[in-house]
Amino acid sequence: MLAIAVVSLTACEKADHLYCNLPARFTMENIYQAPALYTACNSMGQFCTITASSGNFEFKSITKTDRLPITGGYVYDGFYLGLSGLIVGLPDRTEMLKDQIEVVCFDLACSYCYHEFGITKPLKLQENGKAQCTSCKSLYDLNDMGRGSEGKSLYRYHVRLIGNTLVIAN
C-alpha cells in the first residue's frame, strides 16, 4: 500500500513539471480571423508566435504575419502572454502516453537564457518545427514538446482548442 502511494505521488510530481507555473492567459474566439494562428492550430508541424505591441496582437508563422487590434474583450478580460510571447501549434507526432495529437503552447522566451541568466531572449521560428534563440543560439524542437539542445525544454502552458476558440490559461 505504501509503495502504491509513493508511486502515485511521484507520478503527480512528474505531471506537474510538464507545465510551468509562470502566468499566461489568452483567449481568442474565431481563430480563423488570424490565418497564421488558424493554420498552426489545424495543420500538423505548423507553429505560430503570438505577441502584442502598439495596440495589436501579432500572429506570426514562418511565412505569414497577421495583426489584429486588441479589442475591448481582451482588455476587459485581460491577457498575459508569458515572458516574451507565446508559440502555439500542432506537433507532427503524438506526445508520449497520449492517443491523439493536441495543440501545444510554449513561451517564446529561451528557457536556457531565462534559467541560467534571468533574462528573456526571444526565439525565432525555423523550418521543420524548430525555434532558435536569437542570443545563445539554443535550438528547440517544437514537434518534440519543446526539447532544447542545451538540455532545457521550453516553458509550456495549458492550452485547449474548443471548436474555433483557443484558450491558454496557466
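Cysteine 41 is buried, with a relative accessible area of 3%. Here buried means under 20% relative accessible area, exposed over 50% and partly exposed in between, with a 1.4 Å probe and protein chains only. This is a predicted model, in which local features need pLDDT of at least 70 and side-chain atom pairs count only at pLDDT 80 or more, while totals for chains, interfaces and linings use all residues. Residues are numbered from 1 along each chain as its sequence is written, and side-chain values use heavy atoms, with hydrogens and water left out.

Cysteine 113 is in no disulfide either; the nearest cysteine sulfur, in cysteine 136, is 3.7 Å away. A disulfide is a pair of cysteine sulfur atoms within 2.5 Å. Cysteine 113 also counts as buried, at 2% relative accessibility. The structure as a whole holds zero disulfides.

Now the strands. Six of them form an open sheet in the order β4-β3-β2-β5-β6-β11, with antiparallel pairing. Strands are DSSP runs of E, at least two residues long, and helices are runs of H or I of at least four, numbered from the N terminus. Two strands pair if DSSP finds at least two bridges between them. β4 (65-69) and β11 (156-157) stand at the edges with a single partner strand each, so one side of each has no neighbour in the sheet.

β2 (residues 46-53) meets β3 (residues 56-60) over five antiparallel bridges. Threonine 51 has glutamate 58 of β3 as its bridge partner. β2 and β3 form a hairpin with two residues between them, and serine 54 in the turn has a positive phi of about 50°. β2 also pairs with β5 in the antiparallel sense, over five bridges. There, threonine 49 stands opposite isoleucine 87. β5 (residues 86-90) is joined to β6 (residues 104-107) by four bridges. Glycine 89 has valine 104 in β6 as its bridge partner.

Lysine 60 belongs to strand β3. Lysine 60 is partly exposed, at 40% relative accessible area. Leaving aside neighbours within four places in sequence, lysine 60 is in contact (heavy atoms within 4.5 Å) with Phe47, Cys48, Thr49, Thr65 and Leu125.

Phenylalanine 59 touches residues including Phe26, Leu37, Cys48 and Ile50.

One more sheet remains. It is open, with three strands in the order β1-β13-β12 and antiparallel pairing. β1 and β12 (159-162) are its edges, each with a single partner strand, so one side of each is left without a neighbour in the sheet. Four bridges join β1 to β13. Arginine 25 stands opposite alanine 169 in β13.
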